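Biologist: I have a structure open and would like to learn how to read it. Could you take me through it feature by feature?

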Amino acid sequence: NGYDTLFLAQLAKKVYAFDIQEQAIKQTAKRLAEAKVDNVELFLTGHENVGQYIKSTKAAIFNLGYLPSADKSVITQPHTT
C-alpha cells in the first residue's frame, strides 16, 4: 500500500520500488502523490528483474509476501528474491 516506500522516500535521495501486483503500484503512486514525494521510481516487476533497471545501489530492503486484501495467489517467492 506504499507505507514502506513513502517512509524510505522521506529518508533517502532516491528509492526504486518494485512490486508484482499492479494494485500495489497504483496505491503506492497515489500515496506518494498525496504526500508530494517525487524521488521514487515504481516498477511493476519482480525482484528477480532489479538488475535490468538498477545497476548499483547502496542498500536494499525486501518486503516479501502479498498485498493485504488482494489476490493472495500473487506473492513474491523466495527463489526469485
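**Reading the features**

Modeller: There are four aromatic pairs in this structure. Please keep in mind that the model is predicted.

Biologist: How is a ring pair read, and what is the case for Phe43 and Tyr53?

Modeller: A pair of aromatic rings is described by the distance of the centres and the angle of the planes. For Phe43 and Tyr53 the ring centres are 4.8 Å apart and the planes are at 45°, so this pair is tilted. Phe43 belongs to strand β2 and Tyr53 to helix α3 (residues 50–53), so the pair ties together parts that are 10 residues apart in sequence.

Biologist: Which residues do the ring pairs link into a cluster?

Modeller: The cluster consists of Tyr16, Phe18, Phe43 and Tyr53.

Biologist: Is Phe43 buried or exposed?

Modeller: Buried means under 20% relative accessible area. Phe43 has 12%, so Phe43 is buried. Tyr53, at 41%, is partly exposed.

Biologist: Now the strands. How many bridges join β1 to β2, and are the two parallel or antiparallel?

Modeller: In a regular strand the side chains alternate between the two faces of the sheet. Here, β1 (residues 15–19) and β2 (residues 40–44) run parallel and are joined by five bridges. Opposite Val15 stands Val40 of β2. Between β1 and β2 the chain passes through helix α2 (residues 22–34), and this β-α-β crossover is right-handed.

Biologist: Which residues make up the largest nonpolar core?

Modeller: In soluble globular proteins, nonpolar side chains tend to be buried together. The largest nonpolar core in this model has seven residues: Leu6, Ala9, Val15, Ala17, Leu32, Val37 and Val40. Two or more residues of this core come from each of α1 (3–9) and β1.

Biologist: What does Ala9 touch, leaving out residues up to four places away in sequence?

Modeller: With those left out, Ala9 touches Val15, Val37, Asn39 and Val40.

Biologist: How many salt bridges does the structure hold?

Modeller: It holds two salt bridges. One is formed by Glu41 and Lys14, with the closest N and O atoms 3.3 Å apart. Glu41 is in strand β2 and Lys14 is in the loop between α1 and β1, so the pair ties together parts that are 27 residues apart in sequence.

Biologist: What is the relative accessibility of Glu41, and what is the relative accessible area of Lys14?

Modeller: Glu41 has 34% and counts as partly exposed. Lys14 has 37% and is partly exposed.

Biologist: Where do Lys26 and Glu22 lie?

Modeller: Both are in helix α2, four residues apart, which is about one turn of the helix. Lys26 is exposed, with a relative accessible area of 54%, whereas Glu22 is partly exposed, with 45%.

Biologist: Where is Lys36 placed, and is Lys36 buried or exposed?

Modeller: Lys36 sits in the loop between α2 and β2. The cut-off for exposed is over 50% relative accessible area. Lys36 has a relative accessibility of 73%, so Lys36 counts as exposed.

Note on methods
Residues are numbered from 1 along each chain as its sequence is written. This is a predicted model: local features need pLDDT of at least 70, side-chain atom pairs count only at pLDDT 80 or more; totals for chains, interfaces and linings use all residues. Side-chain values use heavy atoms; hydrogens and water are left out. Two strands pair if DSSP finds at least two bridges between them. A crossover is right-handed if, with the strands pointing away from the viewer, the path from the first strand over the helix to the second runs clockwise. A nonpolar core is a set of buried Ala, Val, Leu, Ile, Met, Phe, Trp, Tyr and Cys residues joined through side-chain atoms within 4.5 Å. Buried means under 20% relative accessible area, exposed over 50%, partly exposed in between (1.4 Å probe, protein chains only). Contact means heavy atoms within 4.5 Å. A salt bridge is a side-chain nitrogen of Lys or Arg within 4 Å of a carboxyl oxygen of Asp or Glu. Rings of Phe, Tyr and Trp (its six-membered ring) pair if their centres lie within 6.5 Å; planes under 30 degrees apart count as stacked, over 60 as edge-to-face and the rest as tilted.
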